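Trainee: I am new to this structure and would like to understand the terms used for it. Could we go through them together?

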Number of protein chains: 2
Amino acid sequence: MRMSEGVEWAMHCCLTLAWLGNEVPVSTAKLAAGFELPSAYLNKQLQALAKAGIMTSTPGVRGGFRLARPLEEITVMDVVTAIEGSGEAFQCTEIRRRGAGAERPEWQFRTPCAVSTAMRKAEMAWRRALAAQTLADVQAAADRRAPQAGEAIRRWYAQN
Amino acid sequence: MRMSEGVEWAMHCCLTLAWLGNEVPVSTAKLAAGFELPSAYLNKQLQALAKAGIMTSTPGVRGGFRLARPLEEITVMDVVTAIEGSGEAFQCTEIRRRGAGAERPEWQFRTPCAVSTAMRKAEMAWRRALAAQTLADVQAAADRRAPQAGEAIRRWYAQN
DNA sequence: GTATAAATACTCGGATATTGCGTGTCCGAGTATGAAGGG
DNA sequence: CCCTTCATACTCGGACACGCAATATCCGAGTATTTATAC
């Protein structure tokens, strides 16, 4: 079970936009250069963020992407859902009904599958932990550990 | 982010072996027929469980698989790890160091990436929730909801 | 009748194809910019 | 000098290839059973 690489890209891009002030749009090309990523593919991820309402895109020559709302109002869960989709990792296919279960009356399967319930319980814990963290929390943690980060990024984007 | 289908198969197979008493080995073919699954591919998953020490395999004409230890001593986490591997879902590739970060001194990256930390925190919550549930718990939940399950399965396997 | 030995059927185990999704790339639609030309 | 118009460069957005891992399959190694045969 591996999470898409785009999630990491999206997280760092959101933080970068915040560090840059979020006043003028930043193009995909700039962001891609800032992380040495394939710009066309990064653009695909940013589009997903825009569709999810996390970023806003502006076309034209000085266009690009901006955060749609402050970091305090974006949870890590929002970003993960935007890139990975909202589907659950464990998908119950109801194999209990097939084979040996096929001969049992249907009413015996009205209650949800115990395996699925156990998995869902764990997945809910994961989702809760993701939803409990906002991007502002993540940025604050980063700033606390390396206070130079924001200034260093601003300087680099000013020169490139 | 989708979990392998084999996890569901493995979970149900473990419960089935327990319901059947876990005294004589059950062959892959029988288990596959009991769930209408491709037996050769199911065998692959069962091998993974055997390698993880969850099941024991016995060759020969009356061979098959048995649980290596009681359900109380098998956590859901054990099964997931056996099938999916122990790698983390979110893999930090340290993109913060590339591009704009390449010009910053190395010592600024001694502290772990804040994005990675946030993801890891959520993933740990997921793992804890999985490890907190034993297969005995899952079986108990299933028995509570549908008390006929065990008997129905025993009857089917006695006739097939 | 009993013990021995060979044949047999059935099982696991790993090596080998195939499919689907994540990854990566390309080109067209659209817009703000800036230049050019006329008033 | 200023306004209008047109060309342009740059951006997003979706459509189009590629590669790897999950999925699925097949065949060989090994063992307990069964059967046949000799004593």
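Trainee: At what angle do helix H6 (residues 135-145) of chain A and H5(B) pack, and how far apart are their axes?

Mentor: This is a predicted model, in which local features need pLDDT of at least 70, side-chain atom pairs count only at pLDDT 80 or more, and totals for chains, interfaces and linings use all residues. Residues are numbered from 1 along each chain as its sequence is written, while chains are lettered from A and ligands numbered from 1 in the order in which they are written. H6(A) and H5(B) pack at an angle of about 130 degrees, with their axes 9 Å apart, where axes are lines fitted to C-alpha atoms, for helices over the stretch in contact, and angles run from 0 to 180 degrees between N-to-C directions.

Trainee: Why is H6(A) called oblique to H5(B)?

Mentor: Angles under 35 degrees count as roughly parallel, over 145 as roughly antiparallel, 65 to 115 as roughly perpendicular and the rest as oblique; the angle is about 130 degrees, and that makes H6(A) oblique to H5(B).

Trainee: Which residues of H6(A) meet H5(B)?

Mentor: A:Val138, A:Ala141, A:Ala142 and A:Arg145 meet B:Ala114, B:Val115, B:Thr117 and B:Ala118 of H5(B), contact requiring C-beta atoms, placed from the backbone, within 7 Å.

Trainee: How many residues does each chain bring to the contact?

Mentor: Chain B brings 50 residues and chain A brings 49 residues, and on the side of chain B that touches chain A, H5(B) gives the most, with 11 residues.

Trainee: What comes nearest to DNA strand C?

Mentor: Of the 26 residues around DNA strand C, A:Ser4, A:Pro38, A:Tyr41, A:Gly60 and B:Ser57 come nearest, a residue being near if its C-beta atom, placed from the backbone, lies within 6 Å. The largest share of that surface, 5 residues, comes from H3(B).

How values were computed:
Helices (H or I, at least four residues) and strands (E, at least two) are DSSP runs, numbered from the N terminus. Two residues are in contact if their C-beta atoms, placed from the backbone, lie within 7 Å.
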